[in-house]
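Here's a quick walk through one protein model, written for someone who likes to know the cut-offs. Have a look at it first, and then we'll go through the parts.

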Amino acid sequence: MKELDKKDVIQHLETVATYLELQGSNPYRIAAYRKAAQGLEKDERSLQEIDDIGAIPGIGKGTKELIDSFLETGTSELLTTLQEEVPSGLIPLLKLPGLGGKRLALLYKELGVTDETSLQKSIETGELEQVKGMGKKSAQNILDAIKNQAERPERLPVSLMLSVSEEIETSLKKMEEIDQYSVAGSLRRLRETIKDIDYIIAATQKEAVRKKLIELPNTKEIIANGTTKVSITIAAEYDINVDFRIVDQAEFASTLHHFTGSKDHNVSMRQLAKDRGEKINEYGVEIEETGEILHFNSEVDFYQHFDLHFIPPEMRENTEELEVFQQSPDILTKDDILGDLHMHTTWSDGAHSAEEMVNYARQLGYTYITITDHSKFLQVANGLNEKRLRKQGEEIQRLNEKYDDIHIFRGVEMDILPNGELDFDDEFLAELDLVIAAIHSSFNQSETEIMKRMNAALDNPFVNIIAHPTGRIIGRREGYQVNVAELIQKAKATNTALELNANPQRFDLTTTWLQAAQVAGVPIAINTDAHNRESMHLMNYGIRRANRAFLKPDNIVNTWSKDRLLSFIQGNKGENEGE
């Protein structure tokens, strides 16, 4: 069982409250669990720092017993009982617009709605619109949402596919018969959306591997079941096809290259081989004159054979990478990143304390980090007002005095308000080391209104970075109507950095806009927006997305030394002189 954190406990309490609501339980009982979750959320300590969880305001004897059980076993008897009593088909319906737990409980009680099928039937018969608080328009909106949800997009968000691939690899790691494996295809290239998942497996015991692959968890259907290729459908949020190609170890590197793609990259590589009197196929490189097949120990060796440096998978899109990698290119590596400038702690909606985040950053070898909890406007995330931020500043000062191998900048992720104002005045912002500005509300405003908000932040002398500039969530939310070209030019004029948010749900900015920002001379900050320690590892995805855009390391602010970074963020964002 993974180590549980504060967010896990809060989620469990909220889940229990939701099930109780669906059951039609006593409102005061439901409120007790939500109150306990809120009390824990507002406590500024991490789970590991809380000595007596029952002493937290809002947590009573019953909720404490449930929390203790959850921490010991990873579940609770109450939730197990509720899951047996409440129809499981009601849970997915909570995602539909206008259907909260209370309303679903009413539909369950009055109409016998237990799943999507019975809900749709109640709409089509006209029963649902007769229920108090519903009506014809609400019924139609729900029906439209059901139909839209039923259609699987051709390509799925990279965050979903990464999650599924992690589960697959948990099983692959346990298969002793596998000599080597790697994900391939567009997922390996870290594209924003993915059609299906491909794996290349090297094994001598192919039959044993085949048998285990068709028994992977959550397998819904076996499409192909051969010695060299196994294809299955995994049941997840959507059905996902996964192809496994099983090859000899000698063929692994060539097969992996072939099935990583992209198609255009492979075409260019085949032309390069043809010019040398060779042919590339999925099993190796054939010398046309002799018919000899060359194999390679790794993709590094494969590319070296063609007088190229190793091309990272995310850069294989036929965007001049062959020309660039004829020389030793200046690409970003993990060692270049000296810090993370956007993260959250238990002071707002994070799972770990400031000190726990600092110590994890020290383990990662960072020179500096910035603690940037949410500002007061974002109450849903327990945002900090001036008083609490000053108190947090005292904690950060203590940590800076305690640890001499890392510097902690005192920052904030400040909301840009719907009316175009900022969440704090200049007098207070002057107290902070680094200010990130972000939009978290009123996404439906016009481009004029959104740009008014962006310009208010960019013009402010204390704002250093614009976070997740378009507000998109890949595959789920388009984001707000920001004129990114205008944003980039304004960022250049005001010496403000733009963020590359490394969370796969966002990858914001996109590759195209990152390239435009670099051309314009706008510095980029690669940040994880981490809400727990483990999420700091998302930096690896950020690095790969930066390379996909051919960003130069020197254009990325968190590759800069502490002194150079200070020269950028201090004062009125004066011209950065570099080193």
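Which residues in helix 11 are buried? They are F252, A253, S254, T255, L256, H257, F259 and T260. That makes eight of the nine residues in helix 11 (residues 252-260), so the helix is mostly covered. Here buried means under 20% relative accessible area, exposed means over 50%, and partly exposed is in between (1.4 Å probe, protein chains only).

Some ground rules before going on. This is a predicted model, in which local features need pLDDT of at least 70 and side-chain atom pairs count only at pLDDT 80 or more, while totals for chains, interfaces and linings use all residues. Residues are numbered from 1 along each chain as its sequence is written, and side-chain values use heavy atoms, with hydrogens and water left out.

**The whole chain**

The protein chain has 22 helices and 17 strands. These are DSSP runs numbered from the N terminus: helices are H or I with at least four residues, strands are E with at least two. Of the 579 residues, 52% count as buried. The C-alpha trace spans about 80 × 60 × 50 Å along its principal axes.

**Salt bridges**

The count comes to 30 salt bridges, each being a side-chain nitrogen of Lys or Arg within 4 Å of a carboxyl oxygen of Asp or Glu. Here are some of them:

| Pair | N to O distance |
|---|---|
| E41 and K7 | 3.5 Å |
| D43 and R45 | 3.0 Å |
| R544 and E314 | 3.1 Å |

E41 and K7 meet in a salt bridge. E41 sits in helix 2 (residues 27-42) and K7 in helix 1 (residues 6-23), so this pair ties together parts that are 34 residues apart in sequence. E41 is buried at 15% relative accessibility, whereas K7 is partly exposed at 28%.

D43 pairs with R45. D43 is buried, at 14%, and R45 is partly exposed, at 32%.

R544 forms a salt bridge with E314. R544 belongs to helix 21 (residues 539-548) and E314 to the loop between helix 13 (299-305) and helix 14 (321-324), so the pair ties together parts 230 residues apart in sequence. E314 is buried, with a relative accessible area of 5%, while R544 is partly exposed at 22%.

There's also a network of salt bridges linking E355, E395, R398 and K402.

**A positive patch and a buried loop residue**

On the surface, R152, R155, R191 and K195 gather in a patch of positive charge. Patch residues have over 30% relative accessible area and no salt bridge, with like charges joined within 9 Å. K195 is in the loop between strand 3 (193-194) and strand 4 (197-203), and at 44% relative accessibility K195 counts as partly exposed.

L216 is in another loop, between helix 10 (206-213) and strand 5 (219-225). L216 is buried, with a relative accessible area of 6%. From L216 to S171 is 45 residues in sequence and 7.2 Å in space, C-alpha to C-alpha.

Terms used
Patches are made of residues with over 30% relative accessible area and no salt bridge: like charges are joined within 9 Å, nonpolar side chains (Val, Leu, Ile, Met, Phe, Trp, Tyr) within 5 Å. Accessible areas come from the Shrake-Rupley method with a 1.4 Å probe; for residues, only the protein chains shown count as cover. Lys and Arg count as positive and Asp and Glu as negative; His and the chain ends are not counted. The place of a charge is taken as NZ of Lys, CZ of Arg, CG of Asp or CD of Glu.
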